[in-house]
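Biologist: I am new to this structure. Could you take me through it?
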Amino acid sequence: KKFVYLFREGQASMRDLLGGKGANLAEMTNIGLPVPPGFTITTEACNDYYAGGRNFPEGLWEQIGPALADIENATGKTFGDKDNPLLVSVRSGAKFSMPGMMDTILNLGLNDDTVEGLATSTQNERFAYDSYRRFIQMFGDVVLEVEHHEFEKILEDAKEKQSVHYDSELTAESLKGVVAGYKKLIQRRTGSPFPLDPMKQLEQAILAVFRSWNNDRANVYRRINGIPDDIGTAVNVQSMVFGNMGNDSGTGVAFTRNPSTGERALYGEYLMNAQGEDVVAGIRTPQPIKSLEDENKAIYAQFVETSNSLEAHYRDMQDIEFTIERGRLYILQTRNGKRTAPAAIRVAVELCWEGVISKEEAIARIEPGQLGQLLHRRMDSEAKLEVIAKGLPASPGAASGKIIFDADDAERLGHAGEKVLLVRTETTPDDIHGILAAQGILTSRGGMTSHAAVVARHMGKPAVCGCEALRIDYTHNTVTIDGVTYPEGTLFSIDGATGRVIKGEVPMIDPELSEEFKELLGWADEIRTLKVLANADNPRDAQKARDFGAQGIGLCRTEHMFMDPARIPIVQDMILAQTLPEREEALAKLLPMQEEDFYGILKVMAGFPVTIRLLDPPLHEFLPNVEELVVDITKLKMKGDHEEELYEKEALLRKVRALSEMNPMLGHRGCRLGITFPEIYAMQARAIFQASAHLVKEGYEIYPEVMIPLVIHVKELAKLRKVTEEAAQAVMAEQGVTFSYTIGTMIEVPRAALTADEVATAADFFSFGTNDLTQTTLGFSRDDAEGKFLPAYLEQNILENNPFAVLDRNGVGKLMKMGVKLGREANPDLKVGICGEHGGDPSSIEFCHQIGLNYVSCSPFRVPIARLAAAQAAV
Ligand code: PEP
Ligand code: MG
């Protein structure tokens with residue numbers, strides 16, 4: 001098996017085998033960019049390592065020697081040579097980018113001899129020993145698993161001893177002391193000396209990278225990002241170039257466009273006389289890339305040209321790592337840059353305008369899940385803010401929460417439902433779980449490309465970084481800003497769009513769509529075949545949905561209208577009525593209220609269909625709580641002398657108890673209410689049609705659709721269809737107008753799907769209520785599963801996704817497919833859609849497109865996401 005590929009032997013399409021980084025290095029090499037020479041060990045070798053019980057893959061070592069010789073040839077340096085030593089970096093690189101999750105080792109090949117060679121060949125002893133101590137530290141930490149802070153302690157001691165502030169001020173003599181201290185530490189902690197043989201170092205480093213594929217944070221990252229566990233990582237071995245060889249050397253990272261806004265302008269940072277991790281870890285605050293022009297015009301010009309050609313080559317915004325060694329530019333890495341949702345949209349739209357990509361490609365480039373952040377709220381600019389500090393606007397959006405200084409605490413509190421802001425000097429991949437649970441991130445160090453900034457942008461979390469006014473005290477869990485100390489738990493807000501840090505909570509306002517976003521959605525509308533409707537129960541939400549481009553209402557839940565505190569007593573009278581006349585009296589009071597509700601929604605949605613579902617939930621949901629009633633009764637008894645009131649309450653308690661059910665979700669709800677109390681549905685139908693008549697008279701074009709929930713049998717639907725039609729006929733006769741309307745049903749119980757051919761004979765449309773259909777197909781209570789056992793199902797990989805969020809295609813999806821097929825066979829004009837939560841989930845929308853639904857319906861804020869996802873499903 002060929003385990004080792006020189007960079008010039010690979011290409012961009014070999015990501016499976018060479019990993020993303022390796023494939024890119026190969027591609028860049030082949031298009032003639034200044035890439036330091038090297039080779040890639042394949043992901044197959046990593047998989048062999050695991051398959052072979054974590055042993056060095058057989059046959060690999062033999063291929064490394066010749067590859068190394070090739071690098072030696074290209075650089076004129078020799079591995080392990082004490083005069084002109086070749087040093088290499090050893091880095092992980094999986095098929096999918098997993099920034100900072102796995103291990104990297106730099107300066108490999110240094111030992112007590114080669115360090116001298118490096119010192120002479122570069123005429124810079126300080127630099128040589130600095131590289132050596134960095135190497136031992138990284139190797140010790142990553143390969144030998146000696147704690148990072150133990151090395152830091154030795155370094156701090158050296159700085160103290162020399163009375164200096166920064167690492168870069170340490171002399172060669174001090175650094176030699178640090179090296180000796182590091183070696184002793186390693187001997188003490190591991191029981192063996194630090195390995196001086198470069199070949200041994202290389203072997204161990206490769207093994208460590210393989211091992212790091214399975215470290216905790218890599219596993220968590222893969223789980224969050226849906227990356228498979230069995231694809232392994234490649235290992236890239238590349239000759240080192242040095243950004244720390246003096247003031248004509250440096251290192252940096254840059255994006256070809258602004259990753260926050262998408263603006264077409266070079267965007268990034270660099271540090272002179274430094275190595276890569278100094279920039280990424282945010283240990284020193286770097287300079288903006290623009291100032292490189294002042295520092296070195298020629299290098300800057302070369303960099304601009306290179307970045308333009310990289311973007312043109314990859315046809316997307318690039319994130320480039322570069323190093324300048326003694327005035328010479330090297331490109332270490334390029335990849336499609338991570339970006340915020342607004343940037344993703346602007347870049348895609350502008351690349352299309354620039355003629356680089358097609359509309360279809362522009363659409364396919366947007367991750368619909370990421371759009372959630374655009375539909376996030378931001379700070380009300382009218383609000384009075386107590387701005388206490390300002391940092392870099394690292395990831396847009398605004399967040400408020402209690403300040404917490406530890407990732408574990410942030411995770412714990414976040415899971416307990418608290419809103420927290422994670423506040424750190426800087427973040428590392430070890431903090432990822434805390435970042436995930438926090439509303440936002442605030443750091444005192446690091447730039448726009450620091451770990452916190454990159455991760456936050458990717459997750460769509462607001463972040464403010466490099467806020468240097470913060471003095472964080474981890475011992476006492478406080479932060480001091482301008483002399484004022486705030487303890488853990490203080491409420492702060494951050495504005496990731498401006499970098500402001502604000503004391504207290506801030507009012508937020510709803511988002512609006514940018515011009516580029518509207519343009520992109522316009523393209524999506526040209527491409528998609530699925531219609532996108534919204535779930536809304538009031539005119540305000542209906543208007544929002546319309547503004548976001550909804551083509552109607554796919555679900556208006558009428559029970560939400562019954563919950564109004566002014567109406568609840570009347571609703572209770574309706575439920576508790578003992579006789580029909582009593583019930584009709586209550587219904588007569590509700591009729592004008594419902595009519596007004598429907599009038600408002602139909603009017604806002606004029607020109608589009610509005611699907612109104614008749615009453616669905618169990619009646620006891622509207623009734624007083626049993627425990628509260630019992631408490632009231634007990635109190636009355638203790639007081640005595642309140643007989644009449646007591647009698648009434650006791651009667652109420654008896655009725656409430658009589659209505660209570662063991663399994664309300666499987667009980668007296670949905671159209672079963674219409675079967676037992678047809679007068680309720682008759683009232684609702686009348687309210688819909690009276691509102692319709694009213695609007696028709698006013699000249700509005702309206703399309704009411706009446707939807708019957710929880711049907712299991714065609715006879716239920718036929719019966720309730722009749723009740724509805726009678727109401728329509730009566731209203732038309734009374735009002736002297738005609739209007740058209742349709743009657744359909746929800747498919748949310750397996751029997752309805754299984755007998756869809758029968759049900760369809762009485763239906764104009766079907767709407768899959770996949771919340772209930774998932775609940776009834778899996779037999780998972782939708783109210784309890786997520787909190788109780790579902791996490792175990794996900795952790796043990798029994799289910800791949802939460803079936804209430806992402807449609808279970810093989811189970812529930814099969815019933816849907818059957819429902820569509822049987823339904824359309826019996827009724828070719830049948831319109832079919834979905835109105836469960838899945839109607840707003842991109843993956844589920846794809847499935848809905850595939851099985852030929854006519855529309856999806858989702859919450860108003862998800863309408864833009866659904867429009868895009870529907871287009872992606874169609875391309
Ligand atoms: C459903 O069951 O999918 C549905 C939309 O109805 P509800 O969530 O109101 O039960
Ligand atoms: Mg339902």
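**The shell around ligand 1**

Modeller: The residues of the shell around ligand 1 comprise two nonpolar, four polar and four charged ones. Here Ala, Val, Leu, Ile, Met, Phe, Trp, Tyr, Cys and Pro count as nonpolar, Asp, Glu, Lys and Arg as charged, and the others, Gly among them, as polar. This is a predicted model: local features need pLDDT of at least 70, side-chain atom pairs count only at pLDDT 80 or more, and totals for chains, interfaces and linings use all residues. Residues are numbered from 1 along each chain as its sequence is written, while chains are lettered from A and ligands numbered from 1 in the order in which they are written.

Biologist: Which residues surround ligand 1?

Modeller: They are Leu555, Arg557, Asp616, Glu748, Gly769, Thr770, Asn771, Asp772, Cys835 and Gly836. A residue is near the ligand if its C-beta atom, placed from the backbone, lies within 6 Å of it.

Biologist: And which helix gives the most to that shell?

Modeller: Helix 30 does, with three residues. Both strand 27 (553–557) and helix 30 (770–778) supply at least two residues each. Helices (H or I, at least four residues) and strands (E, at least two) are DSSP runs, numbered from the N terminus.

Biologist: How many residues of helix 30 are buried?

Modeller: Seven of its nine residues are buried, where buried means that 20 or more other C-beta atoms lie within 10 Å of the residue's own, exposed means 12 or fewer, and partly exposed is in between, with C-beta atoms placed from the backbone. Among the buried ones are Thr770 and Asp772, and both of these also belong to the shell around ligand 1.

Biologist: What covers them?

Modeller: The cover of the buried residues includes strand 30 (742–747), helix 28 (750–754), strand 31 (765–768), helix 32 (812–826) and strand 32 (831–834). Just after helix 30, Gly779 has a positive phi of about 70 degrees.

Biologist: Changing topic: where does Ala606 lie?

Modeller: Ala606 is in the loop between helix 22 (580–604) and strand 28 (609–613). Ala606 is partly exposed because 15 other C-beta atoms lie within 10 Å.

Biologist: What does Ala606 touch?

Modeller: Leaving aside residues up to four places away in sequence, Ala606 touches Tyr700, Glu701 and Ile702; contact means C-beta atoms, placed from the backbone, within 7 Å. The C-alpha atoms of Ala606 and Pro704 are separated by 9.9 Å, although these residues are 98 apart along the chain.

Key. Contact = placed C-beta atoms within 7 Å.
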